[in-house]
Amino acid sequence: MNRWVVISIVLLMGLSGCMVSKSKYEASVADMESAKAELEKSRMHQEALEEQIRNLKGLNEKVSTDLETMTTEVQRIKEGRKNEHTLLETRERELDQEKEQLTSKLRVVVDQYQKVKAQNKALKETVLRYQKELKDTRESSIGMAAGAMKPSENPDMSKSGISPSGASPIVSSKPPSAKIVSSPTLPKMGGDLVNINKAPVSDLVLTLGLTREVAEEVVSNRPYRLRGELVAKNIIPKATFDGIKDRITASP
């Protein structure tokens, strides 16, 4: 500012007609040139600063935009993770429910398997028992028939007609007839027997003397391959079955 004041004073003195020495004039001109150079330098420095300010503003805007973009992306990732977490929880609950349902079904299947296994075991025992009874009955029939065909213990006494007690022989004019022994007959599978696979509830009640509830249970558990399934399936007790087994059949 002092230089400009000096220059102004010099100009005023020149305009007012004051005489200035050449050395002072040259010094003033030099000062003015120096001031102009410094002014230009200041102007260029100011322009450079303004350019830097513009660059910083652009960089700041770019950084703000990038920051906003990154913030949006982070928020999107958080929302995505939240949705994935929700989906995973929902799927986990669905899997737990499916597991419980499968476990319940498995328990039902295991129970049914145990029941069928028990029924099969009882049925096998019934079949074996009937096979043994049939075998014993056949062996008894064969034994009784063979006993009937045996001669008396002392064939000489039988031929001479002498009794074991030493009494006089008894002579008969008729030849002794062979004793006919009938083997025990098995119940016929047909005729008047009640078919437990076909008979209505009323016939089961009237003919076999069962209660209506038991008769309905017999009908609801059809078909039967053997009569003994009535006991194997826990439909009637063994004592009741023994009382009606000779009057029933399980023919298809």
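Start by selecting Glu229, which sits in helix α6; helices here are DSSP runs of H or I with at least four residues, strands are runs of E with at least two, and both are numbered from the N terminus. You are looking at a predicted model, where local features need pLDDT of at least 70, side-chain atom pairs count only at pLDDT 80 or more, and totals for chains, interfaces and linings use all residues. Residues are numbered from 1 along each chain as its sequence is written, and side-chain values use heavy atoms, with hydrogens and water left out.

**Stop 1: Glu229**

Is Glu229 buried or exposed? Glu229 is buried, because its relative accessible area is 5%; buried means under 20%, exposed over 50% and partly exposed in between, with a 1.4 Å probe and protein chains only. Now show its contacts, that is, heavy atoms within 4.5 Å. Apart from neighbours within four places in sequence, Glu229 is in contact with Leu123, Pro223 and Tyr224.

**Stop 2: Pro223**

Move on to Pro223, in the loop between α5 and α6. The peptide bond that joins Arg222 to Pro223 is cis, with omega at about 0 degrees. For context, most peptide bonds are trans, and most residues other than glycine have a negative phi.

**Stop 3**

Next, select Lys233, in the loop between α6 (229-232) and α7 (238-244). Lys233 has a relative accessible area of 24%, so it is partly exposed.

Asn234 is not a glycine, but its phi is positive, at about 60 degrees. With a relative accessible area of 69%, Asn234 is therefore exposed.

**Stop 4: α4 against α5**

Two packed helices are described by the angle between their axes and the distance between the axes. Select residues 201-208 for α4 and 212-220 for α5: they pack at an angle of about 130 degrees, with axes 9 Å apart. Each axis is a line fitted to C-alpha atoms over the stretch in contact, and angles run from 0 to 180 degrees between N-to-C directions. How are α4 and α5 oriented to each other? They are oblique, which follows from the angle, because under 35 degrees counts as roughly parallel, over 145 as roughly antiparallel, 65 to 115 as roughly perpendicular and the rest as oblique.

Show side chains next: Val201, Leu204 and Val205 in α4 meet Arg212, Ala215, Glu216, Val218 and Val219 in α5.

**Stop 5: the nonpolar core**

Now colour the largest nonpolar core, which has 19 residues. Such a core is a set of buried Ala, Val, Leu, Ile, Met, Phe, Trp, Tyr and Cys residues joined through side-chain atoms within 4.5 Å. Those with the most contacts inside it are Leu204, Leu208, Val218, Tyr224, Leu230, Phe241 and Ile248. Two or more residues each come from α4, α5, α6 and α7, and α4 gives the largest share, 3 residues.

Finish on Ile248, which touches Leu193, Val194, Ile196, Leu208, Arg227, Leu230 and Phe241, not counting residues up to four places away in sequence.

**Zooming out**

The protein chain has 7 helices and 2 strands, in the order α-α-α-β-α-α-α-α-β from the N terminus. Of its 252 residues, 14% count as buried.
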